[in-house]
Amino acid sequence: MAVQQIKEGVFSVGSRDWDRRLFDELIPLPDGTSYNSYLIKASEKTVLIDTVDPEKTHELLANLKTLKIDRLDYLVCNHAEQDHSGSIPDILELFPEVKVVTNEKCRLFLIDLLEIPEERFQTVSDGDTLSLGDKSLKFVFTPWVHWPETMCAYLAEEKILFSCDFFGSHLATSDLFVSNLPKVIEDAKRYYAEIMMPFRTVVKKNIEKIEQLDFDLIAPSHGPVYPDSKAILDAYRNWVSDEVKNQVVIAYVSMHGSTEKMIYYLLDKIMEKGITVKFFNLIETDLGQLAMSLVDCATLILGTPTVLTSPHPAAVYASTLVNMLKPKLKFATVVGSYGWGGRTVEMIQNNLSNLKAEFLEPVLIKGHPKTNDYRMLDNLADTIAAKHQETLNQ
């Protein structure tokens with residue numbers, strides 16, 4: 001990744017990972033990602049904001065060499081995960097004078113993860129400032145966005161918020177600044193859904209906290225820089241609100257066609273009522289897309305056959321993921337089939353225990369769907385439509 005100037009004395013020196021397709025062995029990356037590191041050259045001090053993933057350390061070091069950095073005073077670590085911190089040991093070796101500036105929780109994480117010597121740290125508290133001469137950094141703690149130690153750094157004189165994972169997007173692009181706003185917002189929504197949504201309430205509080213700062217630019221740890229912060233702030237306010245849309249997510253798996261027949265029948269009935277449906281076959285689904293669909297929707301319908309006495313493993317995995325993400329769903333239910341019996345509904349309900357959603361009467365049938373089974377699906381569609389109308393009109 002080439003060195004790119006954001007403002008006078010402020011540079012992007014991180015790395016783009018064009019080919020990476022999976023993050024944490026869990027999160028799909030259809031557009032790659034970037035590991036953003038920023039350099040500030042002030043009148044008295046030179047500061048690096050975060051580093052890059054260890055596999056891209058050589059690119060970070062090359063960029064510092066391009067800028068002819070022969071002394072580094074501070075290395076600010078906003079977050080301890082290795083895609084932010086992984087190159088710190090190399091930076092410490094190259095610049096023996098540098099101090100790692102971070103908060104106490106992050107310091108302890110870095111000692112555990114990277115075995116950084118305690119004498120290399122300089123700890124800060126929420127609201128502390130660090131003078132760089134003609135510029136200064138203010139540290140704003142944003143815990144649980146998305147780890148307990150995360151914080152932002154604010155360059156007051158240039159009105160730049162270095163927001164860490166806050167407002168980030170997994171997107172490798174040659175653009176330093178956002179140029180295709182709809183695409184970036186979509187990727188930011190995926191990013192929010194996958195790692196921020198479980199902490200929606202505290203994210204909301206941290207949005208209110210950082211809005212007290214006077215910033216123009218948001219420079220996140222992943223994805224391009226926002227030259228105008230309004231669009232991403234508006235999007236986040238919507239995502240963290242309690243409001244849902246007139247939408248249903250149907251995620252299903254079928255083995256011999258019974259559950260599939262029920263799901264497709266129910267899909268048509270719900271669409272006839274003017275409700276938007278997001279539809280996923282769990283055998284083929286990009287789980288990031290499923291997570292995104294859960295950000296705004298009112299109802300989740302999980303379709304599954306019974307395997308022996310349990311839900312299909314794909315449905316178990318999906319319900320576990322939904323439970324981890326804790327979306328603001330208002331309603332949830334199960335549709336499916338069985339051969340002789342089982343605990344499918346009970347197990348799915350237990351797997352969704354983190355949700356505050358109302359669990360609607362499930363439709364679980366024996367064998368292939370029959371006339372009365374379709375009537376139960378009609379009733380379920382009617383119930384969902386009535387529940388949505390009541391909820392959305394509040």
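**Close-up views of the predicted model**

**Figure 1. Overview of the protein.** The protein contains 12 helices and 23 strands (DSSP runs, H or I of at least four residues for helices and E of at least two for strands, numbered from the N terminus). This is a predicted model, in which local features need pLDDT of at least 70 and side-chain atom pairs count only at pLDDT 80 or more, while totals for chains, interfaces and linings use all residues. Residues are numbered from 1 along each chain as its sequence is written, and side-chain values use heavy atoms, with hydrogens and water left out. Along the principal axes, the C-alpha atoms fill a box of roughly 80 × 40 × 35 Å. Of the 394 residues, 57% count as buried (under 20% relative accessible area, with exposed over 50% and partly exposed in between; 1.4 Å probe, protein chains only). Among contacts (heavy atoms within 4.5 Å) with a separation of 6 or more, 72% are between residues 24 or more positions apart.

**Figure 2. The largest nonpolar core.** A nonpolar core is a set of buried Ala, Val, Leu, Ile, Met, Phe, Trp, Tyr and Cys residues joined through side-chain atoms within 4.5 Å. The largest one has 85 residues, of which Leu-110 and Tyr-236 touch the most other members. Helix α5 (residues 181-196) provides the largest share of this core, 8 residues. Beyond its neighbours within four places in sequence, Leu-110 has contacts that include Cys-77, Ala-80, Ile-88, Val-100 and Phe-121. A second, separate core of 25 residues includes Val-47, Leu-130, Phe-139 and Leu-217.

Figure 3. Of the 16 residues of α5, 12 are buried, among them Val-184, Asp-187, Arg-190, Tyr-191 and Glu-194. The elements that cover these buried residues include β5, α6, α7 (230-240), α9 and α10.

**Figure 4. The largest pocket.** A pocket is defined on a 1 Å grid over the protein atoms alone, as an open set of points where a 1.4 Å probe fits, with protein on both sides within 12 Å along at least five of seven lines; lining residues have an atom within 4 Å of a point. The largest pocket holds about 360 Å³ of space, the volume being that filled by probe spheres set on grid points joined across faces, edges and corners. Its lining comprises 24 residues, and Leu-26, Ile-27, Glu-194, Ile-195 and Leu-325 lie nearest its centre. At least two lining residues come from each of β5 (27-28), α2 (82-85), α5, α9 (287-294) and α10 (313-325). With 4 residues, α5 gives the most.

**Figure 5. The open sheet of 7 strands.** The strand order is β1-β2-β7-β8-β9-β10-β11, with mixed pairing (two strands pair if DSSP finds at least two bridges between them). β1 (4-7) and β11 (121-123) are the edge strands, each with a single partner, so one side of each lacks a neighbour in the sheet. Strands β7 (residues 38-41) and β8 (residues 46-49) run antiparallel and are joined by 4 bridges; Ile-40 has Val-47 of β8 as its bridge partner.

Figure 6. β12 pairs with β13 (residues 136-141) in the antiparallel sense over 3 bridges, and Thr-129 stands opposite Lys-138 in β13.
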